[in-house]
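This report describes a predicted model of protein chains with DNA. The sequence and structure are shown first.

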2 protein chains.
Amino acid sequence: MEPDEYLADCRTRLAFDLMANTWNPVVIWALRSGPRRPVELRELIGGVSGKVLAETLRRLESNGLVTRHAYAEAPPRVEYALTRLGRTLLGPIEAFGRWAHAHGDEVLAAQDEHERRAARQAG
Amino acid sequence: MEPDEYLADCRTRLAFDLMANTWNPVVIWALRSGPRRPVELRELIGGVSGKVLAETLRRLESNGLVTRHAYAEAPPRVEYALTRLGRTLLGPIEAFGRWAHAHGDEVLAAQDEHERRAARQAG
DNA sequence: CAGGATCCGACACGATACTG
DNA sequence: CAGTATCGTGTCGGATCCTG
(Lines give C-alpha, C1' and ligand atoms only; values in the text may rest on other atoms or scores of the structure.)
Protein backbone atom coordinates (compact mmCIF):
# COMPACT_ATOMS: atom_id res chain seq x y z
CA MET A 1 0.00 0.00 0.00
CA GLU A 2 1.59 3.25 -1.13
CA PRO A 3 1.80 6.12 1.35
CA ASP A 4 -0.50 8.52 -0.45
CA GLU A 5 -3.27 6.04 -1.05
CA TYR A 6 -5.14 7.34 1.98
CA LEU A 7 -5.06 10.98 1.03
CA ALA A 8 -7.35 13.28 -0.87
CA ASP A 9 -8.62 12.36 -4.31
CA CYS A 10 -7.54 8.75 -3.95
CA ARG A 11 -9.75 5.77 -4.36
CA THR A 12 -9.14 4.79 -0.78
CA ARG A 13 -11.31 7.71 0.18
CA LEU A 14 -14.24 5.72 -1.16
CA ALA A 15 -14.30 3.54 1.92
CA PHE A 16 -14.11 6.51 4.26
CA ASP A 17 -16.93 8.23 2.41
CA LEU A 18 -19.08 5.15 2.87
CA MET A 19 -18.54 5.38 6.62
CA ALA A 20 -18.83 9.18 6.72
CA ASN A 21 -22.39 9.36 7.94
CA THR A 22 -24.27 8.34 11.02
CA TRP A 23 -26.33 5.41 9.86
CA ASN A 24 -24.53 3.61 7.04
CA PRO A 25 -22.29 1.48 9.27
CA VAL A 26 -25.04 0.92 11.82
CA VAL A 27 -27.48 -0.37 9.21
CA ILE A 28 -24.87 -2.56 7.56
CA TRP A 29 -24.08 -4.11 10.90
CA ALA A 30 -27.75 -4.61 11.69
CA LEU A 31 -28.09 -6.57 8.43
CA ARG A 32 -25.16 -8.86 9.17
CA SER A 33 -27.24 -11.88 10.22
CA GLY A 34 -29.67 -11.88 7.31
CA PRO A 35 -32.43 -10.01 5.47
CA ARG A 36 -34.47 -7.57 7.52
CA ARG A 37 -37.64 -5.57 7.05
CA PRO A 38 -37.50 -1.83 7.71
CA VAL A 39 -39.66 -2.16 10.80
CA GLU A 40 -37.29 -4.79 12.15
CA LEU A 41 -34.32 -2.57 11.49
CA ARG A 42 -35.94 0.30 13.33
CA GLU A 43 -36.51 -1.91 16.36
CA LEU A 44 -33.03 -3.36 16.21
CA ILE A 45 -31.30 -0.03 15.85
CA GLY A 46 -33.48 2.29 17.85
CA GLY A 47 -33.43 6.07 17.55
CA VAL A 48 -33.69 6.25 13.77
CA SER A 49 -36.70 7.74 12.01
CA GLY A 50 -38.40 5.94 9.14
CA LYS A 51 -37.43 8.64 6.71
CA VAL A 52 -33.76 8.57 7.60
CA LEU A 53 -33.68 4.79 7.53
CA ALA A 54 -35.22 4.80 4.04
CA GLU A 55 -32.67 7.34 2.88
CA THR A 56 -29.85 5.26 4.30
CA LEU A 57 -31.08 2.09 2.62
CA ARG A 58 -31.41 3.81 -0.74
CA ARG A 59 -27.91 5.20 -0.33
CA LEU A 60 -26.51 1.77 0.46
CA GLU A 61 -28.41 0.28 -2.45
CA SER A 62 -27.00 2.85 -4.87
CA ASN A 63 -23.51 1.83 -3.76
CA GLY A 64 -24.15 -1.85 -4.33
CA LEU A 65 -23.96 -2.77 -0.66
CA VAL A 66 -27.62 -3.70 -0.13
CA THR A 67 -30.41 -5.20 -2.20
CA ARG A 68 -34.12 -4.49 -1.89
CA HIS A 69 -36.73 -7.18 -2.40
CA ALA A 70 -40.44 -6.27 -2.39
CA TYR A 71 -43.11 -8.96 -2.00
CA ALA A 72 -46.44 -8.52 -3.77
CA GLU A 73 -48.57 -8.67 -0.67
CA ALA A 74 -50.95 -6.56 1.36
CA PRO A 75 -49.89 -5.07 3.64
CA PRO A 76 -46.68 -4.38 1.75
CA ARG A 77 -43.61 -6.36 2.76
CA VAL A 78 -40.08 -5.41 1.86
CA GLU A 79 -36.79 -6.94 2.82
CA TYR A 80 -33.28 -5.58 2.61
CA ALA A 81 -30.17 -7.74 2.57
CA LEU A 82 -26.45 -7.25 2.27
CA THR A 83 -24.90 -8.02 -1.09
CA ARG A 84 -21.72 -10.04 -1.32
CA LEU A 85 -19.91 -6.73 -1.58
CA GLY A 86 -21.70 -5.40 1.47
CA ARG A 87 -20.70 -8.42 3.50
CA THR A 88 -17.04 -7.73 2.79
CA LEU A 89 -17.43 -4.56 4.85
CA LEU A 90 -18.38 -6.42 8.02
CA GLY A 91 -14.75 -7.19 8.85
CA PRO A 92 -13.48 -3.61 8.78
CA ILE A 93 -16.59 -2.41 10.61
CA GLU A 94 -16.01 -4.96 13.32
CA ALA A 95 -12.43 -3.72 13.66
CA PHE A 96 -13.79 -0.32 14.68
CA GLY A 97 -16.26 -1.95 17.01
CA ARG A 98 -13.48 -3.76 18.75
CA TRP A 99 -11.46 -0.56 18.92
CA ALA A 100 -14.35 1.24 20.60
CA HIS A 101 -14.76 -1.65 23.00
CA ALA A 102 -11.10 -1.39 23.98
CA HIS A 103 -10.54 2.38 23.87
CA GLY A 104 -13.92 4.05 24.20
CA ASP A 105 -13.26 5.00 27.81
CA GLU A 106 -10.08 6.78 26.85
CA VAL A 107 -11.90 8.89 24.27
CA LEU A 108 -14.58 9.84 26.77
CA ALA A 109 -11.91 10.73 29.33
CA ALA A 110 -10.11 12.92 26.82
CA GLN A 111 -13.35 14.67 25.93
CA ASP A 112 -14.11 15.32 29.60
CA GLU A 113 -10.61 16.61 30.17
CA HIS A 114 -10.96 18.94 27.22
CA GLU A 115 -14.30 20.27 28.46
CA ARG A 116 -12.94 20.85 31.95
CA ARG A 117 -10.01 22.72 30.48
CA ALA A 118 -12.31 24.90 28.37
CA ALA A 119 -14.55 25.59 31.36
CA ARG A 120 -11.51 26.60 33.45
CA GLN A 121 -10.45 29.12 30.82
CA ALA A 122 -13.96 30.53 30.44
CA GLY A 123 -14.58 30.82 34.17
CA MET B 1 -19.24 -8.75 21.39
CA GLU B 2 -22.98 -8.61 21.96
CA PRO B 3 -25.24 -8.13 18.94
CA ASP B 4 -26.54 -4.70 19.85
CA GLU B 5 -23.18 -3.20 20.60
CA TYR B 6 -23.09 -1.58 17.18
CA LEU B 7 -26.47 0.07 17.34
CA ALA B 8 -27.71 3.47 18.37
CA ASP B 9 -26.80 4.96 21.74
CA CYS B 10 -24.06 2.43 22.30
CA ARG B 11 -20.47 3.21 23.06
CA THR B 12 -19.40 1.49 19.88
CA ARG B 13 -20.87 4.43 18.03
CA LEU B 14 -17.97 6.47 19.38
CA ALA B 15 -15.61 4.97 16.84
CA PHE B 16 -18.00 5.55 13.97
CA ASP B 17 -18.52 9.15 15.02
CA LEU B 18 -14.77 9.67 14.94
CA MET B 19 -14.71 8.49 11.34
CA ALA B 20 -17.93 10.29 10.38
CA ASN B 21 -16.34 13.27 8.70
CA THR B 22 -14.20 13.83 5.68
CA TRP B 23 -10.82 14.68 7.12
CA ASN B 24 -10.41 12.94 10.48
CA PRO B 25 -9.24 9.59 9.09
CA VAL B 26 -7.16 11.23 6.37
CA VAL B 27 -5.28 13.41 8.84
CA ILE B 28 -4.74 10.54 11.27
CA TRP B 29 -3.28 8.50 8.47
CA ALA B 30 -1.08 11.37 7.31
CA LEU B 31 0.36 11.55 10.84
CA ARG B 32 1.16 7.85 11.02
CA SER B 33 4.92 8.22 10.39
CA GLY B 34 5.61 10.99 12.86
CA PRO B 35 4.94 14.62 13.86
CA ARG B 36 4.00 16.99 11.09
CA ARG B 37 3.56 20.72 10.67
CA PRO B 38 0.27 22.01 9.24
CA VAL B 39 1.96 23.12 6.03
CA GLU B 40 3.42 19.64 5.62
CA LEU B 41 0.03 18.07 6.18
CA ARG B 42 -1.54 20.29 3.57
CA GLU B 43 1.08 19.22 1.03
CA LEU B 44 0.79 15.57 1.97
CA ILE B 45 -2.97 15.51 1.84
CA GLY B 46 -3.79 17.98 -0.88
CA GLY B 47 -7.17 19.55 -1.41
CA VAL B 48 -7.75 20.68 2.15
CA SER B 49 -7.95 24.34 3.15
CA GLY B 50 -6.00 25.71 6.08
CA LYS B 51 -9.13 26.49 8.03
CA VAL B 52 -10.60 23.02 7.64
CA LEU B 53 -7.30 21.39 8.52
CA ALA B 54 -7.05 23.49 11.69
CA GLU B 55 -10.60 22.54 12.64
CA THR B 56 -9.84 18.89 12.07
CA LEU B 57 -6.71 19.02 14.19
CA ARG B 58 -8.52 20.74 17.04
CA ARG B 59 -11.26 18.16 16.81
CA LEU B 60 -8.76 15.33 16.96
CA GLU B 61 -6.97 17.01 19.85
CA SER B 62 -10.20 17.35 21.85
CA ASN B 63 -10.72 13.61 21.46
CA GLY B 64 -7.26 12.76 22.71
CA LEU B 65 -6.04 11.43 19.38
CA VAL B 66 -3.53 14.17 18.55
CA THR B 67 -1.24 16.46 20.51
CA ARG B 68 -0.19 19.97 19.55
CA HIS B 69 3.30 21.30 20.27
CA ALA B 70 4.16 24.93 19.57
CA TYR B 71 7.78 26.10 19.42
CA ALA B 72 8.64 29.62 20.61
CA GLU B 73 10.14 30.77 17.33
CA ALA B 74 9.59 33.30 14.62
CA PRO B 75 8.10 32.50 12.23
CA PRO B 76 5.83 30.33 14.35
CA ARG B 77 6.36 26.60 14.18
CA VAL B 78 3.78 24.05 15.31
CA GLU B 79 3.83 20.29 15.17
CA TYR B 80 1.03 17.81 15.56
CA ALA B 81 1.54 14.18 16.47
CA LEU B 82 -0.59 11.15 17.16
CA THR B 83 -1.04 10.18 20.79
CA ARG B 84 -0.70 6.57 21.86
CA LEU B 85 -4.49 6.40 21.67
CA GLY B 86 -4.44 7.88 18.19
CA ARG B 87 -1.96 5.30 17.01
CA THR B 88 -4.29 2.50 18.04
CA LEU B 89 -6.66 3.74 15.32
CA LEU B 90 -4.17 3.11 12.53
CA GLY B 91 -5.00 -0.58 12.38
CA PRO B 92 -8.76 -0.20 11.87
CA ILE B 93 -8.17 2.65 9.41
CA GLU B 94 -5.82 0.50 7.40
CA ALA B 95 -8.49 -2.21 7.29
CA PHE B 96 -10.73 0.19 5.38
CA GLY B 97 -7.88 1.20 3.15
CA ARG B 98 -7.30 -2.41 2.22
CA TRP B 99 -11.00 -2.88 1.64
CA ALA B 100 -11.07 0.07 -0.75
CA HIS B 101 -8.03 -1.28 -2.53
CA ALA B 102 -9.75 -4.62 -3.04
CA HIS B 103 -13.36 -3.52 -3.67
CA GLY B 104 -13.28 0.10 -4.78
CA ASP B 105 -13.91 -0.84 -8.40
CA GLU B 106 -17.05 -2.70 -7.44
CA VAL B 107 -18.44 0.33 -5.62
CA LEU B 108 -17.74 2.57 -8.60
CA ALA B 109 -19.37 0.05 -10.91
CA ALA B 110 -22.46 -0.12 -8.72
CA GLN B 111 -22.67 3.68 -8.66
CA ASP B 112 -22.41 3.86 -12.44
CA GLU B 113 -25.05 1.17 -12.82
CA HIS B 114 -27.35 3.09 -10.49
CA GLU B 115 -26.87 6.33 -12.41
CA ARG B 116 -27.50 4.65 -15.73
CA ARG B 117 -30.70 3.14 -14.35
CA ALA B 118 -31.85 6.53 -13.06
CA ALA B 119 -31.06 8.19 -16.39
CA ARG B 120 -33.02 5.53 -18.24
CA GLN B 121 -36.08 6.18 -16.11
CA ALA B 122 -35.78 9.94 -16.47
CA GLY B 123 -35.27 9.87 -20.22
C1' DC C 1 3.69 30.17 8.88
C1' DA C 2 -0.30 29.42 12.10
C1' DG C 3 -4.89 30.10 12.49
C1' DG C 4 -8.85 32.97 13.62
C1' DA C 5 -13.24 35.57 11.65
C1' DT C 6 -16.75 35.69 8.29
C1' DC C 7 -19.94 34.41 4.71
C1' DC C 8 -21.78 30.79 2.23
C1' DG C 9 -23.75 26.34 0.06
C1' DA C 10 -24.71 21.56 0.60
C1' DC C 11 -26.53 18.01 3.06
C1' DA C 12 -27.53 14.92 6.94
C1' DC C 13 -30.78 14.35 10.38
C1' DG C 14 -35.18 14.93 12.87
C1' DA C 15 -40.36 15.59 13.35
C1' DT C 16 -44.55 15.51 11.25
C1' DA C 17 -48.10 14.48 8.11
C1' DC C 18 -49.65 12.05 4.27
C1' DT C 19 -50.37 8.33 0.41
C1' DG C 20 -50.85 3.44 -1.23
C1' DC D 1 -46.24 -1.32 6.77
C1' DA D 2 -43.41 1.14 3.27
C1' DG D 3 -42.27 5.31 1.49
C1' DT D 4 -42.57 10.23 0.21
C1' DA D 5 -43.09 15.37 0.93
C1' DT D 6 -42.19 19.23 3.64
C1' DC D 7 -40.00 22.03 6.86
C1' DG D 8 -36.50 23.34 10.17
C1' DT D 9 -31.89 22.97 12.23
C1' DG D 10 -27.16 22.03 12.80
C1' DT D 11 -22.75 21.18 11.06
C1' DC D 12 -19.21 20.23 7.83
C1' DG D 13 -16.52 21.97 4.31
C1' DG D 14 -14.89 25.64 1.04
C1' DA D 15 -13.27 30.51 -0.12
C1' DT D 16 -11.60 34.71 1.37
C1' DC D 17 -9.59 38.06 4.26
C1' DC D 18 -6.97 39.32 8.18
C1' DT D 19 -3.83 39.05 12.38
C1' DG D 20 0.47 37.81 15.16
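Glu79(B) sits in strand 2 (residues 77-82) of chain B; strands are DSSP E runs of at least two residues, and helices H or I runs of at least four, numbered from the N terminus. With a relative accessible area of 19%, Glu79(B) is buried (under 20% relative accessible area, 1.4 Å probe, protein chains only). Its side chain makes a polar contact of 3.2 Å with that of Tyr71(B) (N or O atoms within 3.5 Å, one able to donate a hydrogen and the other to accept it).

The largest nonpolar core has 62 residues; such a core joins buried Ala, Val, Leu, Ile, Met, Phe, Trp, Tyr and Cys residues through side-chain atoms within 4.5 Å. Ile28(A), Leu89(A), Ile28(B) and Leu89(B) touch the most other members.

Around DNA strand D there are 16 residues, each with a heavy atom within 4 Å of the strand. Sugar and phosphate make up 62% of the DNA strand D atoms that come within 4 Å of the protein.

| Residue | Atom of DNA strand D | Distance |
|---|---|---|
| Arg37(A) | sugar or linking oxygen | 3.3 Å |
| Arg58(A) | phosphate oxygen | 3.4 Å |
| Arg68(A) | phosphate oxygen | 2.5 Å |

Helix 4 of chain B gives the largest share of this surface, three residues.

Residues are numbered from 1 along each chain as written, with chains lettered from A and ligands numbered from 1 in written order. Local features need pLDDT of at least 70 and side-chain atom pairs 80 or more, while totals for chains, interfaces and linings use all residues, and side-chain values use heavy atoms, without hydrogens and water.

Notes
Buried < 20%, exposed > 50% of the residue type's maximum accessible area, 1.4 Å probe, protein only.
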